[in-house]
Amino acid sequence: MDTYKRPSQLFRNMSAKIASIPMVMTALVIFVGCTVWTITYSFTGSRLLPKLKWVGMKQYDRLFDTNRWVISIDNIIIYGICSLILSLTIGFILAALLDRKIRFENTFRSIFLYPFALSFIVTGLVWQWILNPQFGIQHVVREAGFLSFSFAPLQSNEYVIFGVLIAGIWQGSGLIMALMLAGLRGIDEDIWKATRIDGIPLWKTYIVVIIPMMRPVFVTALVLIASGIVRVYDLIVAQTNGGPGISSEVPAKYVYDKMFLSQNLGQGFAASTVMLLTVLVILIPWAYLEFGGRKQNG
Amino acid sequence: MADTDMATDFTGDHGPKPKKSISGRNIMLYGTLIVFAIYYLLPLYVMVVTSLKGMPEIRLGNIFAPPVEITFQPWVKAWSEACTGLNCDGLSRGFFNSVKILIPSVAISIVIASINGYALANWRFKGADVFFTILIFGAFIPYQVMIYPIVIILREMGLYGSIWGLVMVHTIFGMPILTLLFRNYFTSLPQELFKAARVDGAGFWGVFFKIMVPMSLPIFVVAMILQVTGIWNDFLFGVIYTKPASYPMTVQLNNIVNSVQGVKEYNVNMAATILTGLVPLVIYFVSGKLFVRGIAAGAVKG
């Protein structure tokens, strides 16, 4: 009996354990294993092939000495901040407007959300065409008589990232609108009634009462947008391919190009490790707040 | 939702006076909504209009003008003649590659994730939560950190460059969100059902196939919508893990439009762009509320 009981502990729930093998393998081999592998090899001088030839922090030194990487970081910071502010603002305003018991709510909602179904490649290509200085908006306005009108963000070193931003917001803000709308719908009708009885003006109700109540929705939206920003890659490839020159390069593209085009694996590993660190800096405080808060509640 | 709103409107317990349809506030409200609607609709309109024009008309006219002479030639060319490098068989190749990638990826990822979710919801074993936490964290790790070691793994398995390698990658990266989706759904089902089935002698697989799957068809549809749009729209994995001959549609589209050789044919480019966007668009408009539920599922943490 004794010898029977011991293995039974291990083999208990056996089917569930076997069924979870893909999950366990993914978690351990891919998410943990591959990440650790890349971090480890970022300290090596790997070029065409990964080699364990240690070079310490040299890859990182070189990374931050590279103009293209510095520009990539600048771009992603500008893009990130603008995209956070704009997505949250537009998303909230649209949701608030839709929540005002309007007609054609479903139509408007479908219109605001459909770009989210499209890929970044499609998004980038359409906006590349609309922003084309020879045929697009600039051309149309000039034809209308405003000959000195100039609007060619994709051809400008300084403003190219804002051209990308227009496309990015177009694609992603509908999702934030949908989240916010769900949040607004979850707010009790009594709260609206109470503020109306107290005579609080509508705009003030939103800022003082509603937005604080929707904190969890804002946090979720924030995390979603932020984790999307770090990944920006396809949009750039389709819309500008990093150009003009290197003015719209982003970190994810740097990693891809170093790993698969210029056979400089070490640089790619170091750059992707920096990307990971950035995400952790955002993620860990959030997870801490999220799970710390839950413990207090429960 | 709309119905209940209507009902409260009629009873009139809020909204102090009968609604005037044209008031300053309403003009502001609808005005803002319409301005935004134009911003969101403009690209779709421009895509369609451009794709129906001939090149001479594009060179002379403006991109917002409707076509004077409608032609479907750009669509035909985009589908079957446009060139990427040496191949001149149009986007059709990419379309069929994408379909070949899509079907097994969606099927396998959903099967695996639903079983994972089920095991996590009903058969929790020691340590399961640790793996699940890693999995959810993994959803936030930038793909760039993992792509190269995965190349090595696939190469060792002999799958690098093949469609099956890409299927595996899609299964892996779809797993966090799908597992979460299924786990949350199965947890929300009444536990009595599970217990009753257990008392009747059903085992792990018995309960899954006889109780869980039949009761969860909506969530399977949500998962499908999520995966079909996600995998169809993927670019990064397609470009890394497949060879040019089996590039998915997005990669091929980008190669056609952004190719530096030859004269740019904007009408063909836009036709190709619509063609690539068509599958997710159709899914979006057909599925309606389920689509919203799918994307919201990613946001709602359990």
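Tutor: In chain B, 14 residues of domain 1 are in contact with 11 residues of domain 2. Keep in mind that this is a predicted model.

Student: Which parts of domain 1 of chain B give two or more residues to the side that touches domain 2 of chain B?

Tutor: They are helix 2 (24-51), helix 3 (55-60) and helix 4 (73-80) of chain B. Helix 4 of chain B gives the most to that side, with 6 residues. Sorted by class, the side of domain 1 of chain B that touches domain 2 of chain B has 8 nonpolar, 4 polar and 2 charged residues.

Student: How is the size of an interface often given?

Tutor: It is often stated as the accessible area that is lost when the parts come together. Here we count residues in contact instead. Between the chains, 75 residues of chain A are in contact with 71 residues of chain B.

Student: Which helix of chain A gives the most to the side that touches chain B?

Tutor: That is helix 3 (residues 21-41) of chain A, with 12 residues. The side of chain A that touches chain B has, by class, 51 nonpolar, 15 polar and 9 charged residues.

Student: Next, helix packing. At what angle do helix 5 and helix 12 of chain A pack?

Tutor: For a pair of helices, read the angle, the distance and the hand. Helix 5 (residues 67-98) and helix 12 (residues 215-230) of chain A pack at about 145°, and their axes are 10 Å apart. The crossing of these two helices of chain A is right-handed.

Student: Which residues of helix 12 of chain A meet helix 5 of chain A?

Tutor: A:F218, A:A221, A:I225 and A:I229 do. On the helix 5 side of chain A, the residues they meet include A:I76, A:Y79, A:G80 and A:L84. By class, this contact between helix 5 and helix 12 of chain A has 8 nonpolar, 4 polar and no charged residues.

Student: Last, a single residue. Is B:I115 buried or exposed?

Tutor: Count its neighbours and compare with the cut-off for buried, which is 20 or more other C-beta atoms within 10 Å. B:I115 has 24 C-beta neighbours inside 10 Å, so B:I115 counts as buried. B:I115 is found in helix 5 (residues 92-122) of chain B.

Student: How far apart are the C-alpha atoms of B:I115 and B:G158?

Tutor: They are separated by 27 Å, and the two residues are 43 residues apart along the chain.

Note on methods:
Residues are numbered from 1 along each chain as its sequence is written. Chains are lettered from A and ligands numbered from 1 in the order in which they are written. This is a predicted model: local features need pLDDT of at least 70, side-chain atom pairs count only at pLDDT 80 or more; totals for chains, interfaces and linings use all residues. Two residues are in contact if their C-beta atoms, placed from the backbone, lie within 7 Å. Helices (H or I, at least four residues) and strands (E, at least two) are DSSP runs, numbered from the N terminus. Ala, Val, Leu, Ile, Met, Phe, Trp, Tyr, Cys and Pro count as nonpolar, Asp, Glu, Lys and Arg as charged, and the others, Gly among them, as polar. A residue is buried if 20 or more other C-beta atoms lie within 10 Å of its own, exposed if 12 or fewer, and partly exposed in between; C-beta atoms are placed from the backbone. Axes are lines fitted to C-alpha atoms, for helices over the stretch in contact, and angles run from 0 to 180 degrees between N-to-C directions. A crossing is left-handed if the near helix is turned anticlockwise from the far one by less than a right angle, and right-handed if clockwise.
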